[in-house]
Amino acid sequence: MTDRPFAGRLFGPGLPGAGMNATGCWTESGALRVSTPGAQPAEFQAEALEIAAAGFNDAGLRISWEGPDGAGTFMVESEVERSACAASAPSGLNTRIAAASGQRSRLERHFRVGWLLLALFLSLPLIGIGAFLLQADRITDWAVAHISPRHEARLGDLVLAQTRLQMKIIDRGQAVDALSSIGSKLTSGSPHSYRWFVADRPDLNAFAAPGGVVVVFSGLLRSAGSAEELAGVLAHEVAHAELRHSLRGLIKSLGLRALVMLVIGDASGGVFADAATRLTELRFSREAEREADDEGLRRLVAARIDPHGMLRFYEKLAGEKRLAPPAILSTHPASGERLTRLRREVAGLTQTWIALPIDLEALQKNIP
Amino acid sequence: MAMDVVDYEIFGSEMQYVEVELDPGEAAVGEAGVMMYLQEGIQMDTVFGDGSQQQGGFMGKLLGAGKRLLTGESLFTTVFHNEGNGKRRVAFAAPYPGKIIPVHLADIGGTLICQKDSFLCAAKGVSLGIAFQRKLGVGLFGGEGFIMQKLEGDGMAFVHAGGTLKELVLAPGETLRVDTGCVVAFQPSVNFDIQFVGKIKSAVFGGEGFFYATLTGPGKVWLQSLPLSRLANRIIMSAPAVGGRSGDQGSLLGAGVLGGLLGSDD
């Protein structure tokens, strides 16, 4: 047993309320001797001492006693002094000092666990986003599988209504009849009931909304060289609709935005308000385009429509790209790779084709 | 570290400011933006961090500044240095109604734990640190949050709080129950904890919340009568611009009609 002194602060009757600096040490007989500058050291027997962790964050060791004129306390606050106090304490007090430090470390542990839980809770949305990004395809597959064709058609109505505000939509006439007669060959056995429209726009473009709404721009109708070329474009768009590409895109972006909103709050106003607008301008991924090409080709072949038309139209697009990129390219990135691929597929086909009974020239003359 | 000894005088009653007298070569640190006036000969210098480390690397400074950001203070503190020949004075004003508490850190053992955002100014050499509240319950319901401020040194420090200040001495083992939010500062020997009010009825309808803050001695504590958040709440509640009650408790005509016509100045 050493008598290494330890510094602390003494509180008690007759002392300033804020306490005063003092040094304590354990005597040979196991008593606590507290000395303050300019005063007689006082000694307290170990049996009369009470020891506990106390103070802010239980960071101090409180040694207190009942004196004749009131309670006194010696607070050992800093860690160094505390361990000096514990090291030289009489063996009878060791368990109580250990209990006090146990209380302190329990507090520390709870604090750490608490912060860990809080950090985990706060990062939940981020984890959610991460999981969503990793599993986006599977989650979208699952969500898309739960949407019936009837609801999809309702979405299509919404898109159509939006489109009507932006451009003139023609829903009857020779051109629409021609589209639906080609289209019905391509869409046999589909759960959707297809509706065909012509938009009065000079762009070389066409799009498919969810639920079997296909809109072909009049610019595209005019530039088609044959009914088979037109059928090629329709097949591609029908494939998009059948594979539910725009629906998947919508669900993906909605889900992502909902998650982002969870994290950073409502940053962009109503999510659902502009979702319909977004539908019309959805861009498909390269995979989606390739899928649509394959599926379109398969449908053309099944309908016994010459797929060389599709190929010719794609070549025409690729050729025009160098001059001024047609609008359809911005939404349908026709890469050279896609064209070569399609060429290879078409070259391998040996079926005989049935010509489409459509007078394209007369139709083109009558487009408003 | 040698602390600068400063003389001071506090002026005003409810909206106070403190005037600090600096001997030649002495300096004081103030929270950025609280300086009210300075006499000729005093150099103002803005430092990154709390200005207590005379030397210390860039990382040390960055850490100090980060701590200040956590406690709600600004990144920079301002150091006022007397470069003149005689005594010069600089004044720091409290930012909202309340009292300024002068604390001589040497008298209380060198450390003071106080509410974040309550630091006003101090002698140069006092270090401003953070004291994390490690008791989860106290951090959540004690009214002071998890982050408190720790002033260390042996010079003068000035802390500011709302309303009227009460300085109390708690004897060893003496416990005081305080409304959460009213605790301003205490010595580190004081145990700061919470206690459930005891009855569901008083918790729900008593208006004091679910918990008291409890302070157990020994040591000195400082309490404020009006936390700024409570004052701000009352002001917002009666501010017409944000949908509060307009009109005061004057006569019907004065408040309702003429008050509305004549009282608005925008």
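Helices (H or I, at least four residues) and strands (E, at least two) are DSSP runs, numbered from the N terminus. The model is predicted, so that local features need pLDDT of at least 70 and side-chain atom pairs count only at pLDDT 80 or more, while totals for chains, interfaces and linings use all residues. Residues are numbered from 1 along each chain as its sequence is written, and chains are lettered from A and ligands numbered from 1 in the order in which they are written.

**Exercise 1.** State how many helices and strands chain B has, and describe its six-stranded open sheet.

*Solution.* Begin with the count, which for chain B is five helices and 19 strands. Next, take the order of the open sheet in chain B, which reads β11-β12-β9-β16-β19-β14 with antiparallel pairing, where two strands pair if DSSP finds at least two bridges between them. At its edges are β11 (127-132) and β14 (165-170) of chain B, each of which pairs on one side only. Finally, inspect one pair: β9 (residues 111-114) and β12 (residues 147-152) of chain B run antiparallel and are joined by four bridges, and T111(B) has E152(B) in β12(B) as its bridge partner.
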